[in-house]
Amino acid sequence: MTDEKKMVLDDSHHSSDEATIDGNNVNDNNVNDNNVNDNNVNDNNVNNNINDPEKGASPPASADPNAPKQPDYGPAPDGGWRAWSVAMGAGFITFAALGFANTFGVFQEYYITHQLQHKSADTIAWIGSCTAFFQFLAGSISGPLFDRYGSWLLRPSTVVCVFATMMISLCTEFYQFLLCQGILLGIATGCMQFPAMAAVMQFFDKNRAAALGVAVAGSSVGGVVFPIALSRMLNDPSVAAHLSFGWAVRIIGFVMLFSLGISCVTVRPRLPPRTTQFFLPAAFKQTNFVFIIFAMIFMFMGLFTPLFFLPSYAVTQGMDTALASYLLAIVNAASTFGRIIPGILADRLGRINVLVVGGTATGIIIMCLTKAHSTAGLVVFAVFFGFASGTIVSGASAAISVCSDDPRKMGTYLGMGLGTASIAVLIGPPINGQLVHHYPTYLPMTLFSGIACVVGGAFAFYAKSGTPQGIMGRV
């Protein structure tokens with residue numbers, strides 16, 4: 001009996017041990033199943049985050065979980081010879097194209113007293129407005145073209161830009177200046193500027209605003225060189241006696257040809273082309289992108305006023321014509337620092353934050369123009385306005401880059417944003433010209449332009465509400 005009891009007890013112990021082991025195996029299996037389910041949930045969350053259009057990426061083409069993921073091209077180098085050579089090439093483009101466009105105040109003052117003396121100031125201002133308008137409008141096409149085909153667009157645009165400049169030297173009628181300097185030059189400029197900016201964005205991420213500031217600073221250097229050179233050749237009697245208007249413009253054209261030739265060699269994309277749809281209409285559903293566009297519309301409406309009318313205002317205050325033309329050179333010299341220094345700060349304090357400050361400060365400074373009556377006062381105004389307005393020029397491109405995480409879409413975002421805002425560049429200077437024409441002082445013009453820039457700063461501030469950091473975030 002004792003042996004039988006022992007055998008029963010041993011069998012019961014073995015059964016309980018086996019049950020325990022089986023129970024542990026079941027529990028382990030349940031845990032593994034739960035882990036698998038958790039991993040699946042995490043994978044789904046990751047996929048949802050990647051494909052969430054509100055976070056800047058494109059929605060999936062299908063719901064297939066096995067669809068190929070977006071290729072990883074590695075982080076932007078954010079420096080090095082290749083990256084900075086692209087930024088340098090972009091700087092040569094802005095030096096030639098935008099630098100020449102920034103000298104329109106010199107042309108306007110010359111046209112009023114020479115070829116177009118029978119036209120009013122607001123009529124002549126349409127030439128400069130069309131240049132800036134078509135420059136930004138062409139970006140709506142050249143930006144997506146760069147994303148899809150690369151930098152090949154720079155070469156034919158260089159030829160057209162130089163050709164348009166040479167044709168200006170032969171113009172004598174208003175419609176001729178409008179076609180060559182207003183339309184053709186503007187389109188060629190836009191077809192070079194936006195691909196260059198998009199290429200810089202592909203090579204820089206953490207230092208993107210600083211790199212864009214360096215690239216756009218080329219226009220400030222050109223805005224110093226070209227106004228001084230043109231003013232010397234057109235307004236200095238000792239030089240003008242031996243050099244005609246035509247040859248003065250042709251000399252500038254040859255300088256532009258050399259500069260743009262360097263850009264054609266150095267500017268190239270880092271990433272392969274984007275093969276999806278040409279435009280990205282889903283971008284207009286992003287709150288931050290839409291309000292940045294509204295900000296640029298109002299800022300551009302007031303930004304170009306001093307660039308067009310500062311020399312003519314200085315002449316009404318008794319300043320010599322040649323000296324008044326140098327004010328644009330001072331504006332652009334100060335703008336060089338206004339594009340680089342705020343760009344460096346934007347990478348640390350927030351790109352939209354710097355645009356808010358720049359737009360608001362520019363508006364306040366423009367409203368102070370009529371308080372400058374002496375030569376010293378006008379020079380001080382030119383310095384402060386140049387520094388503040390430089391923040392808008394480089395800050396707008398940097399702020400748009402916040403709206404997309406895919407570098408291959410930067411050209412399209414930039415082109416669509418600035419192309420939409422181009423309407424402000426078209427109507428702003430003529431409106432200011434009408435205010436100058438119908439009122440005895442420049443005060444209404446400065447109030448209109450200044451308030452427009454301040455309103456633009458308010459829109460830029462509200463654009464932060466569409467970012468993950470929120471309206472008070474560092475973005």
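## Contacts and overall composition

Of the contacts (heavy atoms within 4.5 Å) between residues at least 6 apart in sequence, 83% join residues at least 24 apart. The model is predicted: local features need pLDDT of at least 70, side-chain atom pairs count only at pLDDT 80 or more, and totals for chains, interfaces and linings use all residues. Residues are numbered from 1 along each chain as its sequence is written, and side-chain values use heavy atoms, without hydrogens and water.

The protein has 16 helices and zero strands; both are DSSP runs numbered from the N terminus (helices H or I, at least four residues; strands E, at least two). Of its 475 residues, 52% are buried, that is, under 20% relative accessible area, whereas exposed means over 50% and partly exposed lies in between (1.4 Å probe, protein chains only).

## Helix H11

The 12 residues of helix H11 (residues 305-316) should span 16 Å at 1.5 Å a residue, and the end C-alpha atoms are 16 Å apart, in agreement. The expected span is 1.5 Å times one less than the number of residues.

Because 10 of its 12 residues are buried, H11 is largely enclosed by the rest of the structure. Among the buried residues are Pro306, Phe308, Phe309, Pro311 and Tyr313. Gly318, which follows H11, has a positive phi near 95 degrees.

## Surface

The protein exposes about 20,600 Å², of which carbon and sulfur atoms supply 65%. Accessible areas come from the Shrake-Rupley method with a 1.4 Å probe; for residues, only the protein chains shown count as cover.

Trp247 lies in helix H9 (residues 245-266) and is partly exposed, with a relative accessible area of 46%.
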